[in-house]
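Let us take a friendly walk through a protein model together. Please keep the sequence and the 3D view open as you read.

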Amino acid sequence: MMKARAMLLATLLVSLPAWPASVVVRDAWIREAPPGATVLAGYMVLANTGEQTQSLVSARAEGFERVELHETVLEDGRASMRPVTALTLPARGEVALAPGGRHLMLIRPRRPLRAGAQVPLELRFADGAVVRVTVPVEAARPESHHHH
Amino acid sequence: MRQKSVSRAAIVAAMSIMLILGFAAQRLVQRTSTAAGARQAMTVIEPAQPLAEFALRDDRGDVFDRDRLRGRWTFLFFGYTQCPDVCPAAMMTFKQVRAQAGGRERNVQYVLVSVDPERDSGARLGEYVRYFDPEFIGATGSHAELAQLTKPMGVYYARSGAGKDYQVNHSSAIFLIDPEVRFRALLAQPHVPGAIAAGLETLRKQ
């Protein structure tokens, strides 16, 4: 009995840090901001490996006042930004946050961040799940990767 | 009498069509591409449209007007420094175009015109553009001063959102001005730096 409980506890301890296993973040980066900028953009691919739809509802980044989700809309020769209230990740689907599209807006860094810095980021989903990642600040990635 | 008014209506209609066609003919959408075949939409303004008088200030506080455009090719982008996504990408495009098309040594200049003069002081603009390239120029002015440059070329911008972290929606294209201070071409998104450089070479030869 004790052994079974210990095993159960061990199983819980092992599985807890992995929860939720269903959203995986990859290729995350934050665009290094030129001097004076008070807003930085964050990009990544969010992969939902589960069978349930996931919805990203908020994010927090260490060293920033707040984080918002926005979408750049390029339409009729105009660039505009629209706030995105929730980002839906279809079951077994991926959503890319990429330059010229949806992106995280990291607002008011407490101190300037240069390329090479690492920013701990916390993503919260509608079902209460939390995903934590550390995102590198990079000068720029070749812009061509999102053009085809 | 009746016939006369009909023919007058026909003339008016024909003239309207000519006007419309004439206007359409002023904007020839061409394609320019890199040797590798990456394509970029380039709208050549035909005939090139002379810019009216305007006077802004550059990031060092000097007058930035028609005289600063004369005798060189100028790429203009209208944006602002608190723009985290589109404007840094446009500045990176400028940087890559400059690497291929050249800069001051070839009489080509790259200018970010801030459409957010309330937040973009000259000093802030200067720091911003020089982060991308020491040769890049920042310029701005009051909204009335900006309008002298933006209105004739059809550049759009409008403030969006409230509070100190408002955004500014703006034209996403790059505007190319020729050495005779005429609006010569419009380069729409998505931007392909190699193709923009190739487009400039084509126009230089004309």
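A few ground rules come first. This is a predicted model, in which local features need pLDDT of at least 70, side-chain atom pairs count only at pLDDT 80 or more, and totals for chains, interfaces and linings use all residues. Residues are numbered from 1 along each chain as its sequence is written, chains are lettered from A and ligands numbered from 1 in the order in which they are written, and side-chain values use heavy atoms, with hydrogens and water left out.

Begin with chain A. Its secondary structure comes to one helix and 10 strands; helices (H or I, at least four residues) and strands (E, at least two) are DSSP runs, numbered from the N terminus. Read from the N terminus, the order is α-β-β-β-β-β-β-β-β-β-β. Of the 148 residues of chain A, 43% count as buried, where buried means under 20% relative accessible area, exposed over 50%, and partly exposed in between, with a 1.4 Å probe and protein chains only.

Now find strand β2 of chain A, residues 39-48. How many of its residues are buried? The count is 10 of 10. Both faces of β2(A) are covered: V39(A), A41(A), Y43(A), V45(A) and A47(A) lie on one side, with L40(A), G42(A), M44(A), L46(A) and N48(A) on the other.

Next, look at the partners of β2(A), remembering that two strands pair if DSSP finds at least two bridges between them. Strand β1 of chain A (residues 23-31) runs antiparallel to β2(A), with six bridges, and V24(A) has A47(A) as its bridge partner. Strand β8 of chain A (residues 102-109) is also antiparallel to β2(A), joined by four bridges; here G42(A) is partnered by L104(A). With strand β7 of chain A (residues 94-97), β2(A) makes four bridges in the antiparallel sense, and M44(A) stands opposite L97(A).

Let us move to chain B. Strands β8(B) (residues 157-160) and β9(B) (residues 167-171) pair in the antiparallel sense over four bridges, with H170(B) as the bridge partner of Y157(B). These two strands form a hairpin with six residues between them, and G161(B) in the turn has a positive phi of about 90°.

Helix α5(B) covers residues 193-205. Its 13 residues should span 18 Å at 1.5 Å a residue, and the end C-alpha atoms are 19 Å apart, which agrees; the expected span is 1.5 Å times one less than the number of residues. Among the buried residues of α5(B) are I196(B), L200(B) and L203(B).

In the loop between β4 (63-65) and β5 (73-79) of chain B sits R66(B). Is R66(B) buried or exposed? R66(B) is buried, with a relative accessible area of 14%.

Finally, where do the chains meet? Contact means heavy atoms within 4.5 Å, and 28 residues of chain B are in contact with 33 residues of chain A. Between them the chains bury about 2400 Å², 54% of it on carbon and sulfur atoms; buried area is the accessible area (1.4 Å probe) that two parts lose on being put together, summed over both. P84(B), D85(B) and Y131(B) supply 27% of the area that chain B buries against chain A, more than any other three residues. There are two salt bridges between the chains, each a side-chain nitrogen of Lys or Arg within 4 Å of a carboxyl oxygen of Asp or Glu. R66(A) forms a salt bridge with D165(B), and the closest N and O atoms are 3.2 Å apart.
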